[in-house]
Amino acid sequence: MNPRAAPTTRLLLASQLIFNLGFYSVVPFLAVSMRDDFGMGAMAVGIVLGARTFAQQGLFLVGGAAADRWGARPVMITGCLARISGYLLLLWASDFPLFLLGAVITGVGGALFSPALESLVGGAEERRAAIQPRKTSLFALLVIFGEIGAVAGPLLGSILLQTGFDTALLVGAGVFAVMAVVFTAFLPATKASAVKTSAGRPAAAPPSQTWSCLREKRFVSFAAFYSVNLFAYNQLYFGLPIELERSDAGLGALSAIFAHASILTITLQWPIARLMKRKGPGIALAAGFAIQALGFVAIAAMAAFRPPAAFPALPAFLLVTALALGHMCVAPVAMDLVLDFASGRPTGAYYGLLASCGGAMVLLGNVVLAPLYEQADTPSAAAVFPWLVSAIFATTSAALIHRFLRHPSRLRSRNNSTPSNPLTPTKDRHPSMAIPRPKAIAAILLSSAMAAVLSACFAQGNTPAGSSIDSRIKVAMLQPPRSGLTPLSDDAFKLSRWKTAETLIVLDTLGDAQPSLSTAWKQLDSRNWRFELRAGVKFHDGTPLTAEQVAASLTAAASAKPKPRILDGVQLSVRTDGGNAVVVTTQTDDPLVPQRLSSPQLSILAASAYKPGGVVSPINAGTGPYVLASADGTSSATLNRFADYWGEKAASSGVDVQYVPDGTARAAALRTGTADVVEAIPVGQVAQIKADLIHEVPMPRTNTLYLNTKAGPFADPSVRAAARTTVERAAIIDRVYEGRADIAEGLLGPALPWAANERQNSSYIETLKKRAEAAPANGRRIKLGTFTDRAELPEVAVQLEQQLEAAGFIVEQEVREYQHIEADALAGKFDAFILSRATVLDSGDPVAYMFSDFSCKGSFNISQFCDPEVDAALSKAAAIPAGPERRTAIAAAEALVLSKDAAVPLLHERVIQGESARIRNVERDPRERALITSKTGIAG
């Protein structure tokens, strides 16, 4: 016999595991990369993920039919090649169209692969059943192996993500490349139509019968009934997060619950499949759907009440247990029944139709449930309804499928013998191998206990022996790392906020340089600065801070590709000067070198941090009061007190960080005490939190109405003045920001405390008096633009449109995603544009922002503004060293910009920081460089 004529069961099961491994190590992190690395909004991410799912679910039938027509081997290889192509497209993608195309192609790869694999497993099951008809279906093993891949994939992805999403994509593409080679070598090369079943009949019909499943009304009915299984299981992703919000279950619950579901599947799928095999498919399917219905009923019964304080996640655990057990009852049985429906015909299209019906049911069911879930995030009578509707779906399916399978005529024997009754139980030839009920119960208890342990680990991190858990600080951060916590990226600000990595210089509230790892500095000439180093400093790995290592750290940053943002346009070199000093040299005059060296992107790390290939790892390599002990990808980080810190020792034994992008979940963490410090509480959640836990921090960010000074109505200064006098800032702040923002008196807000005082200067006031007089609007038409990526800006646009139209303007509003509108805004295609703009960049100085936005050669000059007087004022400010004189010059340039009405400052944003009642001395830093310090600790 040709060894390639029938693929081994081991190869098929391993293929399912590895295929899931390659998928789950990449796709779950796609949304994070799109949002954090490329700044894409929720709508763009949602469209891309939805298109991928639709491409896969919608094309399962096509993939199955292709496997029937041309054989499983070429279709599975094509599926792998499609996944490789999709991943490479995502690797190269930098804009929405390429992300969309890459995601769709990865979905097509899954649609080709899965039904083809299932058809091969079906063939293997048919051959095995001819010899051992009583044995448990191979589809039970397929579910188990798939679940192992689904569990291992995200773990592998988290590891790979520490070096960037690109690494995960390349490794994922490599996995599928290896699979394609293996399939080429070991899967049968013959067409499906030539493969014979155990009964000697063709395993595939001729092309005219490829779509025969669609003409089988019995099978279409069965697929419709069975589709409720995928709908029910999908509530783990749709409804479960809402239930966890309702119950205030905390940050660790979701991770523990999914672990619980996976452990249940891996440990119980095989014994449950054996039991269901004995009971017969009619009873098995009805029982599975009934168990899922009971799970929905259980959570509905508790939805109107507060969950038990000792175990708030109890309703969610009950639901997940029921859904997992029900799925284990029905999935292998249904997959096995496909062989009976096919009755010797090729099975690829049958499995494809089964999956596509499930996808359609998920879409339909979620459309029905979506408005009901909107009222289910708090304990109330309304929270009951989505779960009751889901229970009705599952109960109906249980009743209909049981009735459907009661009639032997519904099925044909897979061997074309007399019709078989699927309700007829079969007895296992080896009953001693069936799992006894006490062992099954013990397995469930073991799974729950392991999930509880995982939950505890998630909450506590790697707590060192001997430390008190209660003395550790728990932090919920908005954004996960984008680049594996390398200090050469924006991840450096996390290291700074955790007080694990330090710089030579720090800035005070005025933006002036203060000592840190450098105790004194001196400008030797216009391009050379000498920095003396602090003595007695140790890195976390025990090595001493030396001039050589400081020079090496800064040189690594200066030569990195791409450079850290603080060094954009700056050529910098560093050399040692004696044993305890370094000299920093710039290619051009730069009065802000000390301020530049305060950037967290120029943190000083030990030599052990710098790995081959340009990789920089801050683990156990900083100098701060906390050691970064571990970093779990985009999930968490653990820091412990550093006993040999050169300064004041840390008040806390450690810091446990979780990344929580969802604002509602962060707010819940603060309400329930799961987190001590919470970044960026959404305004809409503030009303549900005690007032004494909320602290507003002014941000160096100004929402500004930029006016086109070059073309259109606002080329006339008097019309620009009319727009300025029309704007009612207080109304915008009240209606859009619920009062949690500051009225803008200038471009620079309260995050720069010196700015307000500078505006009291007589010269500043006299400059503003030169503004043009406002002219009547007289029905002038203006085009107003903004973008959706910051959710509040479209609302600001609505308010401004109303105000401008009340003054006599006719406003046409255009709102798009930022990536699709930026080019038009910079090209001057709008008369007015609303932008939320950071006014202080990495050096802590606003001159760079003002040059970019308001100089004749500014790279971000949305106003198309060019005024030689303003350019001269900005050049003057840029040449002055940091200090009071520079600040006065900056204010003078601001006054000139405002006097021309090139922009109308609207408001200065605040960020809402949450702090639990037990935490003390948390930093509230407008620059977002500091959060946890040596003084931060737990009270009492």
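Mentor: This is a predicted model.

Trainee: Which parts does the pair Cys856 and Cys866 tie together?
Mentor: Cys856 sits in the loop between α28 (847–854) and α29 (868–879). Cys866 also lies in the loop between α28 and α29. The pair therefore ties together parts that are ten residues apart in sequence.

Trainee: How far apart are the sulfur atoms of Cys856 and Cys866?
Mentor: A disulfide is a covalent bond between the sulfur atoms of two cysteines. The cut-off for a disulfide here is within 2.5 Å. Cys856 and Cys866 form a disulfide, and their sulfur atoms are apart by 1.9 Å.

Trainee: Is Cys329 buried or exposed?
Mentor: Buried means under 20% relative accessible area. Cys329 has 6% relative accessibility, so Cys329 counts as buried.

Trainee: And what is the relative accessible area of Cys856?
Mentor: Partly exposed lies between the buried cut-off of under 20% and the exposed cut-off of over 50%. Cys856 is partly exposed, with a relative accessible area of 29%.

Trainee: Now Gln601. Which backbone oxygen does the side chain of Gln601 reach?
Mentor: Gln601 lies in the loop between α20 (593–596) and β8 (626–632). At 2% relative accessibility, Gln601 is buried. At 3.4 Å, the side chain of Gln601 reaches the backbone oxygen of Ser489.

Trainee: Which residue has its backbone nitrogen 3.2 Å from a polar atom of the Gln601 side chain?
Mentor: A polar contact needs N or O atoms within 3.5 Å. At 3.2 Å from a polar atom of the Gln601 side chain lies the backbone nitrogen of Ile566.

Notes:
Residues are numbered from 1 along each chain as its sequence is written. This is a predicted model: local features need pLDDT of at least 70, side-chain atom pairs count only at pLDDT 80 or more; totals for chains, interfaces and linings use all residues. Side-chain values use heavy atoms; hydrogens and water are left out. Helices (H or I, at least four residues) and strands (E, at least two) are DSSP runs, numbered from the N terminus. Buried means under 20% relative accessible area, exposed over 50%, partly exposed in between (1.4 Å probe, protein chains only). A polar contact is a pair of N or O atoms within 3.5 Å; within protein, one must be able to donate a hydrogen and the other to accept it, and residues adjacent in sequence count only if both atoms are side-chain atoms.
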